[in-house]
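Trainee: Please pick one part of this model and take me through it slowly. I would like to see how that part sits among its surroundings.

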Amino acid sequence: MTSIDLSRRNLLRISGLVLLTGVASCTTAPRMSSTPSDGDDETAAALPLVNQLRAKSGLTALRVDPAASAAAIYQAKRMASAGKMTHLMGMADSFGARVTKSGVQLPAAENIAAGQQSVEAAVTAWINSQHHLENMLGRYNGLGVAVAHNTSSRNIPYWAMVLSS
């Protein structure tokens, strides 16, 4: 083999590594907007609404879960910063890993929404969605609800509810 062949082979290896690095960087969470989002804990306002719903179904009341609240704030801020409503951002994102980092005990569930101007409107939207309603009526003990806004995403409210064991 000549030194030219080795150089080509090394060049191909380096190109492959650069390509893999680029692809790997695509699987992480997207870069957040340069305008930070604010996040507000709305658990105290949402809790009576959710507990009223659960009482109508003969279920026990939920309690404020500070870990679920932290997870909800984090998710609402993530969505607002990215300007999109989604549970997962990037191929490597994981709901379970994300909420356990906040101290949430599994099993857990998450409801998200965007555009509602009040906690009442967000809870009503979740009630009117079969899957979200099932989450709220599930075998959970704790609740956290948050909203976040970001001026770079037209100040749309992004909502997150985390239900915890």
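Mentor: Start with P48, which counts as partly exposed because its relative accessibility is 46% (buried means under 20% relative accessible area, exposed over 50%, partly exposed in between, with a 1.4 Å probe and protein chains only). The model is a predicted one, in which local features need pLDDT of at least 70 and side-chain atom pairs count only at pLDDT 80 or more, while totals for chains, interfaces and linings use all residues. Residues are numbered from 1 along each chain as its sequence is written, and side-chain values use heavy atoms, with hydrogens and water left out.

P48 belongs to helix α2, the part to look at here. Helices (H or I, at least four residues) and strands (E, at least two) are DSSP runs, numbered from the N terminus. Between the C-alpha atoms of P48 and A61 there are 8.9 Å in space, and 13 residues in sequence.

Helix α2 takes in residues 43-56, which makes 14 residues. From first C-alpha to last, α2 reaches 20 Å, close to the 20 Å expected at 1.5 Å a residue (the expected span is 1.5 Å times one less than the number of residues). The buried residues of α2 are T43, A46, L47, V50, N51, L53 and R54. They lie on the same side of α2, because the arc they cover around the axis is only 155° (the arc is that of the directions from the helix axis to the C-beta atoms). On the face turned away from that buried side, α2 carries A55 and K56, which are exposed. After α2 comes G58, with a positive phi near 70°.

Next, the partner. Helix α5, residues 119-127, packs against α2 at an angle of about 30°, and the two axes are 9 Å apart. Axes are lines fitted to C-alpha atoms, for helices over the stretch in contact, and angles run from 0 to 180 degrees between N-to-C directions. The angle makes α2 roughly parallel to α5 (under 35 degrees counts as roughly parallel, over 145 as roughly antiparallel, 65 to 115 as roughly perpendicular and the rest as oblique). The two helices cross in a right-handed way, where right-handed means that the near helix is turned clockwise from the far one by less than a right angle, and left-handed anticlockwise.

Which residues meet there? On the α2 side they are A45, A46, L49, V50 and L53, and on the α5 side V119, E120, V123 and I127. Two of the α2 residues in that list, A46 and V50, are also among those buried in α2.

Now look at α5 itself. Its buried residues are V119, A122, V123 and W126. These sit on the same side of α5, because they cover an arc of only 95° around the axis. What covers them includes α2, along with β3, α6 (130-136), β4 (142-149) and β5 (158-164).

I127, another residue of α5, is partly exposed because its relative accessibility is 29%. Leaving out residues up to four places away in sequence, I127 touches L53, L133 and M136 (contact means heavy atoms within 4.5 Å). From the C-alpha atom of I127 to that of L137, ten residues along the chain, the separation is 9.7 Å.

Last, the setting. The protein chain has six helices and five strands, and from the N terminus they run α-β-α-β-α-α-β-α-α-β-β. Of its 165 residues, 38% are buried. Among contacts with a separation of 6 or more, 71% are between residues 24 or more positions apart. One more feature lies in the loop between α4 (95-101) and β3 (108-114), where P107 is found. The peptide bond joining L106 and P107 is cis, with omega about 5°.
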